[in-house]
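Colleague: I have the sequence and the coordinates open. Can we go through the contacts one at a time?

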Amino acid sequence: WLKFSVYYIWLMLASLVMIPLSITRPGSVDNARLGARLMTPMSRVLGLTWTLQGQVELLTSKQPCVIVANHQSSVDLLGMFQIWDSVGRMSVIAKQSLMYYGPFGITAYLCGTVFIDRSNIK
């Protein structure tokens, strides 16, 4: 529980830092790269290492692509943050309720996250 607490505190503090930095370009996916850089040290703090498998060369391709990352925990976001600089411009799809998670939701919105209502089948 201590590591989760440290993670969530860091995430909220990074979100608070990101809000004023992103407000001049609301909705820009370029804002997210800075946020990812603020979060990458957290992997080391938590003792996590990440290994990319599969067709990793596609991450640096200039062609549009879809990366599907079904996650088990919010900590899995750290893995996505690790690849953000390699991918460059990347947009995220998230459940709509995350938009209301305080500073994190505001920052996600400012970083171009596309929120979807999972209860609406249309």
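Colleague: Which residues does F81 touch, leaving out those up to four places away in sequence?

Modeller: Keep in mind that this is a predicted model. Contact here means heavy atoms within 4.5 Å. Not counting residues up to four places away in sequence, F81 touches A36, M39 and T40.

Colleague: Which residues of the largest nonpolar core touch the most other members?

Modeller: This core has 17 residues. Those that touch the most other members are Y7, M39, L46, L78, F81 and W84.

Colleague: Which elements give two or more residues to this core, and which gives the most?

Modeller: Two or more residues come from each of α1, α2, α3 and α4. With 4 residues, the element that gives the most to this core is α1.

Colleague: How many aromatic pairs are there, and how is the pair of F4 and Y8 arranged?

Modeller: The count comes to 3 aromatic pairs. For F4 and Y8, the ring centres are 6.0 Å apart and the planes make an angle of 15°. Planes under 30 degrees apart count as stacked, so the pair of F4 and Y8 is stacked.

Colleague: Where do F4 and Y8 sit relative to each other in helix α1?

Modeller: An α-helix has 3.6 residues a turn, so residues three or four places apart point the same way. F4 and Y8 are 4 residues apart in helix α1, which spans residues 2-22. Their separation is therefore about one helical turn.

Colleague: Which residues make the nonpolar surface patch of about 470 Å²?

Modeller: V45 is in helix α3, residues 41-46, and counts as partly exposed at 47% relative accessibility. The patch is made by V45 together with W1, L2 and V6.

Colleague: How many salt bridges does a search of the whole structure find, and which residues form a salt bridge?

Modeller: The search of the whole structure finds 1 salt bridge.

Colleague: Where do D30 and R33 lie, and what are their relative accessible areas?

Modeller: Both D30 and R33 lie in helix α2, 3 residues apart, about one turn of the helix.

Colleague: Which residues does R89 touch, not counting residues up to four places away in sequence?

Modeller: R89 is placed in the loop between α4 and β1, and at 58% relative accessibility it counts as exposed. R89 and V29 are 60 residues apart in sequence, yet 6.2 Å apart in space, C-alpha to C-alpha. The residues that R89 touches are V29, D30 and R33.

Colleague: Is N31 buried or exposed, and which residues does it touch?

Modeller: N31 lies in helix α2. Buried means under 20% relative accessible area, so N31, at 1%, counts as buried. Not counting residues up to four places away in sequence, N31 touches M18, S22, R25, L110 and C111.

Colleague: What does S28 touch, again not counting residues up to four places away in sequence?

Modeller: S28 lies in the loop between α1 and α2. At 17% relative accessibility, S28 counts as buried. The residues S28 touches are L110, C111 and G112.

Colleague: Which elements do the buried residues of α5 pack against?

Modeller: Helix α5 spans residues 102-110, and its buried residues are F104, G105, T107, A108 and L110. The helix is followed by G112, whose phi is positive, near 85°. The buried residues of α5 pack against α1, α2, α4 and β2.

Colleague: How far apart in space are L16 and G102?

Modeller: L16 lies in helix α1 and counts as partly exposed at 48% relative accessibility. L16 and G102 are 86 residues apart in sequence. From C-alpha to C-alpha, the distance between L16 and G102 is 9.4 Å.

Conventions: Residues numbered from 1 in each chain as written. Predicted model: local features only at pLDDT ≥ 70, side-chain atom pairs only at ≥ 80, totals over all residues. Heavy atoms only, no water. Phe/Tyr/Trp six-rings, centres within 6.5 Å; stacked < 30°, edge-to-face > 60°. Buried < 20%, exposed > 50% of the residue type's maximum accessible area, 1.4 Å probe, protein only. Patch = residues over 30% accessible without salt bridge, like charges linked within 9 Å, V, L, I, M, F, W, Y side chains within 5 Å. Areas by Shrake-Rupley, 256 points an atom, 1.4 Å probe, with all protein chains shown as cover. Salt bridge = Lys/Arg side-chain N within 4 Å of Asp/Glu carboxyl O. Core = buried A, V, L, I, M, F, W, Y, C linked by side-chain atoms within 4.5 Å.
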